[in-house]
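Biologist: I have just opened this entry and would like a friendly tour. Could you take me through it in questions and answers?

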Amino acid sequence: MNFKCERMMKMRLNRSVQHIVLIITLILALTACAPENPSRYAQESIAATGETEAESDIGIEINEDLSEVSPTSDDSRQTEENILVAYFSYTGNTEEIALQIADLTGGVLAEIQRAEEYGDLQEEAEAEILEGVRPKITISIENVEDYDTVFVGYPIWWDEAPAMIATFLESYDFSGKTIIPFCTSASDSIENSLHIFSELCPDSDIAEGLTANEQAEIEPWLRSLGLIQEQNGENSAE
């Protein structure tokens, strides 16, 4: 009896061991089938459908109530007129006019500056004009050539445009573009300074210039050029 009991216990023990080995084998098999990096597997699954989480956000604006989405468009940020307002201003008067023109037309401002400051303004500035010197300049925008309409503003010095304006006109190809001069002056008009535009930009369309002594003159002048119009009592760029 003891021998039989011992034999039966060994048989049961062997079966238990076999069951344990089988369970361990199944666990190892299931583990081998699982992906090493679950997050990577999820990303690859999304990529296989042709859409990622980042891509799904492009071009969509979520409303405040999160219930609707609507596509965004770059067109809403584009101006209708391709206008540049380039100007040189020594005291700030010309800058004020340039700001008003840019505001009314939707144009882009670009300040023309002399690369080196004057030592003696009276002597050096007059000599530049009389001798046809082209001082080096800096300008706050590089792609001047991308604009079709270019305002050019300056103060009147010795009945002429400062020499920096001639440098600017010679620095770019304005062929086929519309150039619109404007100036500020306490006593002189723009007329005597306009010759540099036809001389330096013979292939450009030179529009009627303006001596902008009064800001109230800017809006009617721009309207006469066809750059702004009245709509429902408000001015807007065409």
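Biologist: Is Glu-128 buried or exposed?

Modeller: This is a predicted model, where local features need pLDDT of at least 70, side-chain atom pairs count only at pLDDT 80 or more, and totals for chains, interfaces and linings use all residues. Residues are numbered from 1 along each chain as its sequence is written, and side-chain values use heavy atoms, with hydrogens and water left out. Buried means under 20% relative accessible area, exposed over 50%, and partly exposed in between, with a 1.4 Å probe and protein chains only. Glu-128 has 6% relative accessibility, so this residue counts as buried.

Biologist: Which residue forms a salt bridge with Glu-128?

Modeller: A salt bridge here is a side-chain nitrogen of Lys or Arg within 4 Å of a carboxyl oxygen of Asp or Glu. The closest N and O atoms of this pair are 2.6 Å apart. The two partners sit 14 residues apart, with Glu-128 in helix H4 (residues 121–131) and the other in strand E4; helices (H or I, at least four residues) and strands (E, at least two) are DSSP runs, numbered from the N terminus. The partner is Arg-114.

Biologist: Over which ring does the charged end of Arg-114 sit?

Modeller: A charge sits over a ring if NZ of Lys or CZ of Arg is within 6 Å of the ring centre and within 35 degrees of the ring normal. For Arg-114 the distance to the centre is 4.1 Å. The ring belongs to Tyr-118.

Biologist: In what sense do strands E3 and E4 pair?

Modeller: Two strands pair if DSSP finds at least two bridges between them. E3 (residues 83–87) and E4 (residues 108–114) share four bridges, and Tyr-87 stands opposite Glu-111 in E4. Their sense is parallel.

Biologist: Why does the salt bridge of Arg-134 and Glu-170 tie together separate parts of the chain?

Modeller: The side chains of Arg-134 and Glu-170 meet at 3.0 Å, N to O. Arg-134 is in the loop between H4 and E5, while Glu-170 belongs to helix H5, so the parts being tied are 36 residues apart in sequence. Arg-134 is partly exposed at 37% relative accessibility, and for Glu-170, also partly exposed, the value is 45%.

Biologist: How many residues of helix H5 are buried?

Modeller: H5 covers residues 163–171 and is mostly covered. Among its buried residues are Met-164, Ile-165, Phe-168 and Leu-169.

Biologist: Where do Glu-219 and Arg-223 lie?

Modeller: These two form a salt bridge, with their closest N and O atoms 2.9 Å apart. They are four residues apart, about one turn of the helix. Both lie in helix H7 (residues 218–224).

Biologist: What is the angle between the planes of Phe-151 and Phe-182?

Modeller: Rings of Phe, Tyr and Trp (its six-membered ring) pair if their centres lie within 6.5 Å; planes under 30 degrees apart count as stacked, over 60 as edge-to-face and the rest as tilted. The count comes to ten aromatic pairs. Phe-151 and Phe-182 are 6.4 Å apart, centre to centre, and form an edge-to-face pair. Their planes make an angle of 65°.
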